[in-house]
Amino acid sequence: QALDSRSEALKESEIKVRTILETALDGIIVFNKDGGIDSFNSAAEIMFGYKREEVLGNTLEILLPISITKEQIINDFLEIGREEMYGKKKDGKIFSMEVSMSKMKIKEEWFYTGIFKDIEERKSAERKLMIQKLDLEKINLELDHFVYTASHDLRAPLRGIASFATFLEEDYKDKLDDSGKDFINEIKRGVTRLNLIINDL
């Protein structure tokens with residue numbers, strides 16, 4: 001009777017574990033020390049596009065781009081705990097994912113549990129923001145260059161206007177009436193205002 005009770009408790013525990021695996025929102029994959037896939041939940045099926053039976057018995061490489069090996073997953077990620085990397089769907093599409101790893105020993109054999117979260121949407125948004133930031137920086141540089149060039153090009157004729165106004169004032173002061181002198185003063189005031197605007201630019 002005690003044996004039957006333990007057996008029932010074990011079955012109930014297995015059902016609970018299976019239920020947790022199948023209702024999890026993140027992909028959960030259990031694999032052995034050689035990278036052989038032992039368990040593949042429903043969220044992992046949706047994430048990678050494979051049915052469970054297509055991956056069981058295969059190694060992790062089926063889910064990874066060529067540049068990543070199962071050794072990197074097992075060794076590097078266990079040390080780090082959580083890391084971002086790329087996954088590969090059944091249709092060949094590469095996507096960004098976050099991976100958390102843990103290990104457990106069952107009957108003298110090590111097994112590894114990976115929790116895989118698809119973060120492609122977030123990374124895509126980050127990439128778009130980065131592109132927008134770079135575009136904005138480029139526009140700002142172009143605007144800086146334009147303003148510098150425009151202000152530099154405006155100063156030359158402005159200096160000429162100021163110089164000719166001074167020449168008129170000095171060389172023709174005896175010939176200018178009050179209106180003429182007022183016109184020259186207006187030119188000088190205009191030059192001063194434009195210089196202030198250019199400096200502000």
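## Strands side by side

Two strands pair if DSSP finds at least two bridges between them; the strands (E, at least two residues) and helices (H or I, at least four) are DSSP runs, numbered from the N terminus. This is a predicted model, where local features need pLDDT of at least 70, side-chain atom pairs count only at pLDDT 80 or more, and totals for chains, interfaces and linings use all residues. Residues are numbered from 1 along each chain as its sequence is written, and side-chain values use heavy atoms, leaving out hydrogens and water.

Let's start with strand E5 (residues 109-118). Strand E1 (residues 27-32) pairs with E5 in the antiparallel sense over 6 bridges, and Ile-28 stands opposite Ile-115 in E5. Strand E4 (residues 94-106) also pairs with E5 in the antiparallel sense, over 10 bridges. Here Ile-106 stands opposite Glu-109. E4 and E5 form a hairpin with 2 residues between them, and Lys-107 in the turn has a positive phi of about 50°.

## A look at Asn-32

Asn-32 belongs to strand E1. Why does Asn-32 count as buried? Because its relative accessibility is 19%, and buried means under 20% relative accessible area, exposed over 50%, and partly exposed in between (1.4 Å probe, protein chains only).

The side chain of Asn-32 reaches the backbone nitrogen of Asp-34 at 2.9 Å. A polar atom of that side chain also lies 2.8 Å from the backbone nitrogen of Gly-36.

## Out at the surface

Now to Leu-201, found in the segment after helix H6 (178-200). Leu-201 is exposed because its relative accessible area is 57%.

Conventions: A polar contact is a pair of N or O atoms within 3.5 Å; within protein, one must be able to donate a hydrogen and the other to accept it, and residues adjacent in sequence count only if both atoms are side-chain atoms.
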